[in-house]
Amino acid sequence: MSALIRQKRDSFSDRDEIPPGTLYLLILKTLALRGRLHGYEIAEHIQSSSDDVLQVEEGSLYPALQRMLIKGWVRAEWGVTVGNRRARYYTLTTTGRKRLGAEILQFERVMGAIARVLRPA
Amino acid sequence: MSLIGEWKRKLQMQLRRGEFERDLGDEMHLHIELRREQQIARGLDAEAARASAMRRFGNTTRMQEKSRAAWGWNWLETLAQDAGYGVRAMLRTPTITVVALVSLALGIGANTAIFSFLDAVLLRSLPVKNPQQLVMLGEGDMAGITQSFASTGLYSYPFYRQFHSKNAVFSETAAIFSMTNHVHGFVDQHRDTELINVKMVSGTYFQTLGVGAQIGRVLDENDDSHDGDHPVAVISAGFWKRRLGGDPSALHHTLRLGEKIYNIVGVAPTEFFGTTVGEAPDAWVPLSMTDFMPPGWGGHKDNFSESLFILGRLKPGVTVAQATANVNVLFRQILRGFPDAKLTQENLALLARSHVPLESMERGLSVLRSDYSEPLKILMITVGLVLLIACANIGNLLLARSTVRARELALRQALGAHRVRIVRQLLTESLVLALAGGALGVGFAAVANRVLLRMISNGQDSIPLNVSLNLNLLAFTTAMTVLTALLFGTLPALRATRLDLSTSLKSGQSGTVTSGRVRAAKVLVIGQVAFSLVLMMAACLFLRTLNNLSRVDVGFNKENILRLDIDSSALGFKGADPRANALYHEIENRVSAMPGVGAASFSAFTFAEGSWNGWVTVPGMPIDRKIDVNHDVIGNSYFKVMQIPLVAGRTFGPEDTSSSQQVAIVGERMAKYLFPTGSPLGRTFMIGLPGDRNKPDQKLVVGVVKDVKFRDLEAPDLYIDYLPYSQSGWGFGDFEVRYTGNFGAVAREVQEAIHAINRNLPIANVTTMHAQVARSYTNRRIIAELSAFFGLVAMFLSCIGLYGLMSYMVTLRRGEIGVRMALGASRADVAWRVMREVSVWIVAGIAVGLPVTWEGERLAQRMLYGLSGIDLMSLAAAVGVLLIAGLVAGYLPARRASRIDPVVPLRYE
């Protein structure tokens with residue numbers, strides 16, 4: 001019975017989901033580039049700077065941001081948007097900046113390894 | 001560092017939770033709003049834009065939950081929730097909770113208490129540096145002074161000195177006098193003497209153990225270098241606090257011990273109690289002072305006065321096997337090298353055969369260990385079984401409760417709760433129960449420890465044994481508690497969650513799902529009965545043993561004898577001082593003349609006080625080294641006081657003086673051995689061997705007495721002879737008084753009489769001979785009393801189990817019973833059916849328990865006395881008591897069943 005009610009996959013088929021574990025990296029990098037952003041801006045930036053290839057389930061930014069707040073990688077403060085709305089703005093902390101370096105290193109290590117597997121010398 | 005920051009932030013979020021929730025909500029709302037506007041800007045209509053924004057955002061609730069999870073402590077929250085739920089569940093069923101808590105507290109508390117003793121006596125390492133490197137020469141199972149050649153248990157001081165310098169396997173070695181000197185001394189000029197326990201040790205003792213002083217210094221080699229000129233002492237922290245009030249200037253005080261005044265040079269660390277578990281010396285004094293320390297054992301420079309334990313710290317990398325080899329080579333070499341060694345054929349053969357084993361000193365020496373290791377192990381098993389029975393009981397209670405909650409649990413599962421989640425919740429509830437029980441148990445254990453210590457000390461000063469709460473113990477108790485929770489909680493949790501949902505939901509009675517549960521409960525109850533049988537049987541066996549021991553014929557009349565110790569060495573008398581003999585005579589005469597006193601006499605020993613023993617030589621007979629004779633030195637009225645019957649000849653009298661013929665009285669067994677033919681009267685023997693240095697005197701046998709028990713109740717009859725103190729001086733002693741009337745009054749008058757003769761004579765250990773005999777089997781008394789107690793507890797718990805299960809089953813079968821009664825079954829029939837079922841359980845339990853019982857009795861054989869094979873009387877008693885108690889427990893539900901009104905249950909069917 002249970003096999004019949006398997007959930008249908010989500011339908012944004014023309015975009016790729018971001019590889020697991022890289023969301024932190026993307027957020028950190030985005031904040032490093034752009035300084036002070038609120039959640040929507042982060043999502044927009046990730047999508048546009050990946051030429052709309054990378055698809056973030058936008059809501060999942062928020063649990064990630066909460067975890068990063070707890071870890072002390074980002075700082076949050078309330079501010080006002082251009083459209084005069086209240087929004088929570090995130091900035092990178094020193095710990096976050098260090099973390100970004102570590103995340104990039106790790107990412108490159110993994111990507112390099114995968115590349116080697118795919119194209120053996 | 002970052003972890004702490006993380007926790008701080010988490011805590012902040014917990015504290016301002018509402019604010020954070022709101023912030024998150026606002027933030028998410030804004031996001032969706034902006035997206036919607038953006039979509040409208042791209043040309044979608046309002047509805048499509050909203051849908052698109054929502055879709056792209058994902059499930060808001062889930063995101064919020066995930067965010068909350070990030071704030072952490074989710075597991076903790078669930079745990080707290082479950083625990084809270086557990087507490088409420090406990091409060092809802094107070095009877096069950098109280099029964100469970102009491103049995104848990106008792107079970108865990110008893111286990112904690114017994115384990116704390118097991119730990120203190122058997123397991124704990126000495127509080128010294130790297131105790132695992134310490135070994136001692138020989139087994140350390142005897143203490144005293146011996147002259148026997150090639151002793152591998154005790155060593156002379158000259159031997160130690162040579163061993164110390166020659167050995168190649170120990171980085172440090174130390175010597176300890178095997179006995180503790182109980183000295184009546186005093187601090188500074190106080191003059192009021194008190195008993196001070198002095199341990200004589202080599203100057204290397206503290207260094208070998210790696211123990212420093214908390215004030216001043218410890219003993220060193222210099223203190224032990226010249227005989228008699230280093231009267232210094234290191235005092236224990238206990239003595240320092242007790243006698244000097246913890247005075248920081250302790251080093252300005254002195255100790256007067258015997259003739260000499262000792263400077264206090266240091267205070268030992270608080271946790272240090274020496275090297276013997278269950279003893280607590282007040283002071284450590286260098287062995288160089290041996291000859292001056294009361295009671296004057298002496299023999300410090302004698303190559304063959306063997307009285308020391310030797311211990312060493314293994315050099316790194318040296319194995320015990322290598323060390324043993326080296327030690328044995330040295331042992332022979334040193335003994336043969338002594339100029340006064342008597343290298344007779346026999347001694348050489350003895351030396352060739354001897355072997356010095358190395359024993360670990362990691363846990364120190366202990367006299368308690370030989371007496372209590374087996375009782376403690378048996379008791380540990382006992383209390384373990386009691387806890388198991390308690391667990392089974394609680395398991396059953398929870399099973400019954402889970403039936404009541406079946407609908408609730410089924411509903412939750414139907415609504416999608418994972419089984420694991422529900423099992424976890426039920427186990428958390430069990431854990432809450434167990435932790436509460438464990439906490440109560442620790443409190444109970446603290447009380448039980450004091451009671452147990454008092455029992456072991458048996459009326460004397462409390463044995464200095466550290467059984468207070470420690471990390472070891474807490475770890476044990478915690479492990480015990482968690483294990484308990486798992487034991488009693490797992491089965492009900494699994495049972496409760498494995499069910500056919502629809503049936504449970506449909507039927508309030510949930511009758512059809514209980515058969516498995518009842519089967520599990522039956523197994524538990526039968527197990528309880530089986531374990532109870534084992535414990536009841538053990539209790540019966542140990543009680544019978546105790547009874548047998550109390551009836552052993554000791555050979556003397558132990559009733560109405562007062563005994564006390566005086567310490568004549570406190571007056572400066574040493575050994576065979578004629579002034580001491582005069583004093584003894586005067587005391588004997590004065591006390592004998594008191595009203596209410598039949599006779600009074602001094603003696604070197606009475607029952608269970610140790611011995612002076614050795615070989616004897618009869619002219620013209622080969623020496624039998626297997627015959628070890630116990631010598632006692634006594635006053636003229638000793639046999640009259642003890643009421644030991646004279647078989648032949650005479651007792652000692654005024655005619656036996658220091659200048660008259662040396663005389664002896666022998667026990668019957670000794671008489672038979674020494675003089676197999678003809679009358680022993682008028683024959684002679686020598687104490688010791690012909691080759692001994694102190695040419696032994698010929699003793700003329702003037703009397704034969706009945707044999708008595710001497711060392712303990714269980715040893716077979718020993719060879720005993722008696723010498724008069726008028727001829728063989730004995731410096732300090734036991735005083736025995738046969739009295740009539742009130743013990744307290746006589747004891748006071750006797751002490752007054754003694755002090756009237758000499759005010760400064762210290763008196764100690766005033767008690768009755770009866771108590772002294774009973775004290776020799778304190779360990780059996782403890783094991784009997786405790787096993788009886790736990791046997792009853794076990795039985796009581798099992799009866800609760802039987803009662804609970806049967807009541808539950810009667811409730812379940814109300815319908816069936818109703819039908820039966822409606823069809824004509826009488827009330828007696830119904831009751832009988834219930835009783836029959838209870839009996840079947842009990843009999844099944846007994847059948848399971850019997851083989852365990854037999855095996856158990858075999859294992860405990862060494863703790864039993866006067867019982868051989870399977871003791872049918874104990875078995876009958878155990879089975880009988882269990883049957884009666886079980887049937888009583890079953891009777892109540894049976895009666896309830898027989899009173900069921902057939903109409904009531906039928907109406908519900």
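What follows is a chat about helices and loops in a predicted model.

Colleague: Hi! What should I know before I look at this model?
Modeller: It is a predicted model, where local features need pLDDT of at least 70 and side-chain atom pairs count only at pLDDT 80 or more, while totals for chains, interfaces and linings use all residues. Residues are numbered from 1 along each chain as its sequence is written, chains are lettered from A and ligands numbered from 1 in the order in which they are written, and side-chain values use heavy atoms, with hydrogens and water left out.

Colleague: Thanks! How many residues does helix 1 of chain A have?
Modeller: Helix 1 of chain A has 12 residues, 23-34. Helices (H or I, at least four residues) and strands (E, at least two) are DSSP runs, numbered from the N terminus. From its first C-alpha to its last, helix 1 of chain A reaches 16 Å, close to the 16 Å expected at 1.5 Å a residue; the expected span is 1.5 Å times one less than the number of residues.

Colleague: And which residues of that helix 1 of chain A are buried?
Modeller: They are A:Leu23, A:Leu25, A:Ile27, A:Leu28, A:Thr30 and A:Leu31. Buried means under 20% relative accessible area, exposed over 50%, and partly exposed in between (1.4 Å probe, protein chains only).

Colleague: What do the buried residues of helix 1 of chain A pack against?
Modeller: Their partners in chain A include helix 2 (39-49), helix 3 (61-71) and strand 4 (74-80). Contact here means heavy atoms within 4.5 Å.

Colleague: What follows helix 1 of chain A?
Modeller: A:Gly35 does, and its phi is positive, near 80°.

Colleague: On to chain B. At what angle do helix 25 and helix 26 of chain B pack?
Modeller: Helix 25 (residues 827-859) and helix 26 (residues 872-898) of chain B pack at about 150°, with their axes 8 Å apart. Axes are lines fitted to C-alpha atoms, for helices over the stretch in contact, and angles run from 0 to 180 degrees between N-to-C directions. Helix 25 and helix 26 of chain B are therefore roughly antiparallel to each other. Angles under 35 degrees count as roughly parallel, over 145 as roughly antiparallel, 65 to 115 as roughly perpendicular and the rest as oblique.

Colleague: Which classes of residue make the contact of helix 25 with helix 26 of chain B?
Modeller: That contact has 17 nonpolar, five polar and one charged residues. Ala, Val, Leu, Ile, Met, Phe, Trp, Tyr, Cys and Pro count as nonpolar, Asp, Glu, Lys and Arg as charged, and the others, Gly among them, as polar.

Colleague: What about helix 6 and helix 14 of chain B, what's their angle?
Modeller: Helix 6 (residues 94-123) and helix 14 (residues 419-457) of chain B pack at about 45°, with their axes 6 Å apart. Helix 6 and helix 14 of chain B are therefore oblique to each other. Their contact has 20 nonpolar, eight polar and no charged residues.

Colleague: Changing topic: which peptide bond is cis?
Modeller: The bond from B:Pro294 to B:Pro295 is cis, with omega near 0°. B:Pro295 lies in the loop between strand 10 (283-286) and strand 11 (308-314) of chain B.

Colleague: Where is B:Asn560, and what is its phi?
Modeller: B:Asn560 lies in the loop between helix 17 (515-550) and strand 14 (561-566) of chain B. Phi of B:Asn560 is near 60°, a positive value in a residue other than glycine. B:Asn560 is partly exposed, at 37% relative accessible area.

Colleague: Last one: what is the phi of B:Gln643?
Modeller: B:Gln643 has a positive phi near 55°, and its relative accessibility of 39% counts as partly exposed.
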